[in-house]
Amino acid sequence: MSLKNKKILIIVGGGIAAYKSLDLIRLLKKNNNEVKSILTKSGREFVTPLSITTLTKSKTFEDIFDKNSEAEIDHISLSRWADIIIVMPTTANFMTKLSAGKAEDLATTVILASNKDVLLVPAMNVRMWLHKATQINLKTLQDFGYLFIGPEKGEMACGEYGEGKMSSPKQIFSFLENYFKKRNSVKERKLKAIVTAGPTREFIDPVRYISNESSGKQGYEIAVALSKMGVKTTLISGPTNIIFQKGIRTKKITTAEEMLEEVKKSLPVDIAICAAAVSDFKPISKSTSKLKKNQDNLNSIKLKKNKDIVEYLGKNNKFRPKLVVGFAAETENLNKNAFTKMKEKNCDLIIANDVSEADKGFNSDFNKVNIISNNGKIIQIKKNKKSYIAHKIVEVVLNKFFVDDRNFN
Ligand code: PMT
């Protein structure tokens, strides 16, 4: 078992599945982990503080204003103490509170004040889960970076059948095992990555250029997701309006040529993810002065191809990253065209990006992608916020890095 010596904070929510938190506590303790628990007011309707304390061998926290330990400021110390926070069961009501950023009791305040990952384990009636309000909350919470496991399909306590059943303590335990395994591996290997993002500008004269609609959002979110996993990340970005991300080394460039130079300087790295929309062509020559409009037609601007950065990485004999991940922005034949690009550029993975509609892809907060592996296997990610898409991409990339394609089987 790789899950041991961890500090785990379990927030017990108010649902019939609350009793299963006791099984998880027992499982974690049996494997030499430290567990502390917060019991919410409604959770107390289902389990008692005494049963939790008996298993955790620690005080069960309940009140935000606790006369006995207020001096320690529980909502800060608990979240700093934990390696991860788990909310089980996560009710529909609890999801609403988190989506709104509420801090109305100890549980919600700890989460809002937390600098750790929070794993939500939903459990509710199938209609409640599928209700538009809950699904909107789900998207918001995914965008905030909360992790989810479940809910599973099955028979519920109310007798109805469907999606809403809480994942079992064993499933949560193995989720935690994978979570910590990946983090430890990243830490031990001191993984380094580069991410390219945004557009490039290819100047015709001092004030005019060829470019595209890329906002840089998708690449920046990928850099954030990698960095959250402990990967030392360098972001190489074209011109964007995004504020620099704290803790991520960022190199700003303007042209494709400059982007390539920064990529070269950042090598060697373990992983390269190229989300930038690099101009395929640049003007053969740039006018040193602003072009005058004293002619009716400007008959042609001669262009030449820019060097392909992903291809440079994919076919690099000396410094090829172990994993080279390209993007393919396509409006038709998504998978086929992406697969061809992956082969041509010798990538290990390609993110086939459906940019056929304006509400996703370029300069949108949303994206919809298929992650294609060099063995032809495909994972489809439905339309979602770019932060969520980034998190999924990083999950697959790290899985492939460490266990090669387990995720694709
Ligand atoms: O920036 P956003 O507004 O968030 O939008 C995100 C995005 C749509 C730009 C992004 O998700 C995306 O799809 N990026 C790739 C866009 C693109 O230029 O695709 P392509 O099919 O033309 O290029 C294929 C791959 O080759 C890409 O990884 C690209 O970075 C790379 N390339 C292309 C040309 C070149 N000279 N060098 C390269 O490295």
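I began with the shell around the ligand: α9 (217-228), α11 (309-314), β17 (323-330) and α12 (334-345) each supply at least two residues. Helices (H or I, at least four residues) and strands (E, at least two) are DSSP runs, numbered from the N terminus. β17 gives the largest share, 4 residues.

I noted that this is a predicted model, in which local features need pLDDT of at least 70, side-chain atom pairs count only at pLDDT 80 or more, and totals for chains, interfaces and linings use all residues. Residues are numbered from 1 along each chain as its sequence is written, and side-chain values use heavy atoms, with hydrogens and water left out.

I then looked up the neighbours. There are 28 residues around the ligand, and Ser214, Ser215, Ala276, Lys341 and Asn353 come nearest; a residue is near if one of its heavy atoms lies within 4 Å.

I checked polar contacts next (pairs of N or O atoms within 3.5 Å). A ligand oxygen atom lies 2.7 Å from a backbone N or O atom of glycine 216. For lysine 307, a backbone N or O atom is 3.2 Å from a ligand nitrogen atom. The side chain of lysine 386 has an N or O atom 2.7 Å from an oxygen atom of the ligand. The protein buries 95% of the 770 Å² that the ligand exposes when taken alone; accessible areas come from the Shrake-Rupley method with a 1.4 Å probe.

I sorted the shell by class and found 11 nonpolar, 10 polar and 7 charged residues. Ala, Val, Leu, Ile, Met, Phe, Trp, Tyr, Cys and Pro count as nonpolar, Asp, Glu, Lys and Arg as charged, and the others, Gly among them, as polar.

Notes. A polar contact is a pair of N or O atoms within 3.5 Å; within protein, one must be able to donate a hydrogen and the other to accept it, and residues adjacent in sequence count only if both atoms are side-chain atoms.
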